[in-house]
Amino acid sequence: MAGTKQIKTALISVFHKDGLEDLLKKLNENGVKFLSTGGTQKFIESLGYECQKVEDVTSYPSILGGRVKTLHPKVFGGILARRDNEGDREQMKQYDIVPIDLVIIEKIDIGGISLIRAGAKNFKDVVIVPSKGEYAMLGDILAAKGAQTELEERKKFAERAFAVSSHYDTAIHEWFAK
């Protein structure tokens with residue numbers, strides 16, 4: 001099926017870890033590699049799973065008090081690359097960019113909202129989980145068919161991601177408008 005995509009690499013960055021343990025277990029059982037930062041990376045490793053640091057991928061440290069860690073071409077290139085586009089694939093190879101097939105983000109900040117939007121924009125190739133509210137949906141997919149998703153499922157995650165993004169932007173707008 002052309003719309004079926006295998007999840008091979010997941011970028012995970014969450015503030016609250018509750019509910020994440022079951023997803024990590026299912027993803028690990030399906031051979032998904034983990035990529036993360038800070039506390040989430042330590043949490044993943046504390047469960048006995050291997051987890052590559054984002055800093056190792058970007059070869060750049062987390063800076064400005066953690067405000068800049070995922071905002072890097074190797075991260076966003078891995079999310080936004082169109083897997084069926086030859087030019088994108090060539091540039092990924094040229095710049096050593098690893099495809100990121102799943103993004104799980106729970107606490108929104110500058111990097112978080114950018115990751116949510118990037119994952120949702122490239123829903124053709126990427127699953128975006130923008131909050132804990134979608135953990136069960138992803139868990140059900142993993143339980144039913146392993147680490148593969150259909151286009152319609154990825155589109156539903158993207159819809160939810162834009163709802164989260166819209167709510168976030170509205171809240172910020174209302175704060176400034178006061």
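## Helices α1 and α2

Helix α1 crosses helix α2 in a right-handed sense; a crossing is right-handed if the near helix is turned clockwise from the far one by less than a right angle, and left-handed if anticlockwise. The model is a predicted one, in which local features need pLDDT of at least 70 and side-chain atom pairs count only at pLDDT 80 or more, while totals for chains, interfaces and linings use all residues. Residues are numbered from 1 along each chain as its sequence is written, and side-chain values use heavy atoms, with hydrogens and water left out.

Helix α2 spans residues 38–46, and α1 packs against α2 at an angle of about 65°, the two axes lying 11 Å apart. Axes are lines fitted to C-alpha atoms, for helices over the stretch in contact, and angles run from 0 to 180 degrees between N-to-C directions. Helices (H or I, at least four residues) and strands (E, at least two) are DSSP runs, numbered from the N terminus. From α1, Leu 20, Glu 21 and Leu 24 meet Thr 40, Phe 43 and Ile 44 of α2, where contact means heavy atoms within 4.5 Å. Four of the residues in this contact are nonpolar, one is polar and one is charged. In this division, Ala, Val, Leu, Ile, Met, Phe, Trp, Tyr, Cys and Pro count as nonpolar, Asp, Glu, Lys and Arg as charged, and the others, Gly among them, as polar.

## Helices α7 and α8

Helix α7 covers residues 135–145 and helix α8 covers residues 151–177; they pack at an angle of about 170° with their axes 12 Å apart. The two helices are therefore roughly antiparallel to each other, a term for angles over 145 degrees, whereas angles under 35 count as roughly parallel, 65 to 115 as roughly perpendicular and the rest as oblique. The crossing of α7 and α8 is left-handed.

On the α7 side, the contact consists of Met 137, Leu 138, Ile 141 and Lys 145, which meet Glu 153, Lys 156, Phe 157 and Arg 160 in α8. These residues divide into four nonpolar, no polar and four charged. After α7 comes Gly 146, with a positive phi near 75°.

The buried residues of α7 are Tyr 135, Met 137, Leu 138, Gly 139, Ile 141 and Leu 142. Buried means under 20% relative accessible area, exposed over 50%, and partly exposed in between (1.4 Å probe, protein chains only). Among the elements that cover these residues are α1 (20–29), β5, β6 (127–129), β7 (148–149) and α8.

The largest nonpolar core holds 44 residues, and those with the most contacts inside it are Phe 34, Ile 79, Leu 102 and Ile 104. The largest share of this core, five residues, is supplied by α7. A nonpolar core is a set of buried Ala, Val, Leu, Ile, Met, Phe, Trp, Tyr and Cys residues joined through side-chain atoms within 4.5 Å. Beyond its neighbours within four places in sequence, Ile 104 is in contact with residues including Leu 11, Val 14, Leu 23, Val 129, Tyr 135 and Leu 138.

## Tyr 135 and Glu 106

Tyr 135 belongs to helix α7 and is buried, with a relative accessible area of 6%. Apart from neighbours within four places in sequence, Tyr 135 contacts Val 14, Asp 18, Gly 19, Leu 20, Leu 23, Ile 104, Glu 106 and Val 129.

Glu 106 lies in the loop between β5 (102–105) and α6 (110–121), and at 15% relative accessibility it counts as buried. When residues up to four places away in sequence are not counted, Glu 106 touches Ser 13, Val 14, Phe 15, His 16, Pro 130, Lys 132 and Tyr 135.

## A buried loop residue, Ile 7

Ile 7 is placed in the loop between β1 (5–6) and β2 (9–13) and is buried, with a relative accessible area of 3%. Residues up to four places away in sequence aside, Ile 7 touches Val 32, Asp 101, Leu 102, Val 127, Ala 147 and Thr 149. Ile 7 and Asp 125 are 118 residues apart in sequence, and their C-alpha atoms are 9.3 Å apart in space.

Most residues other than glycine have a negative phi. Ser 59, which is not a glycine, has a positive phi near 55°. Ser 59 lies in the loop between α3 (54–58) and α4 (73–80) and is exposed, with a relative accessible area of 62%.

Leu 64 likewise has a positive phi, of about 55°, although it is not a glycine. Leu 64 is found in the loop between α3 and α4 and is exposed, at a relative accessible area of 60%.
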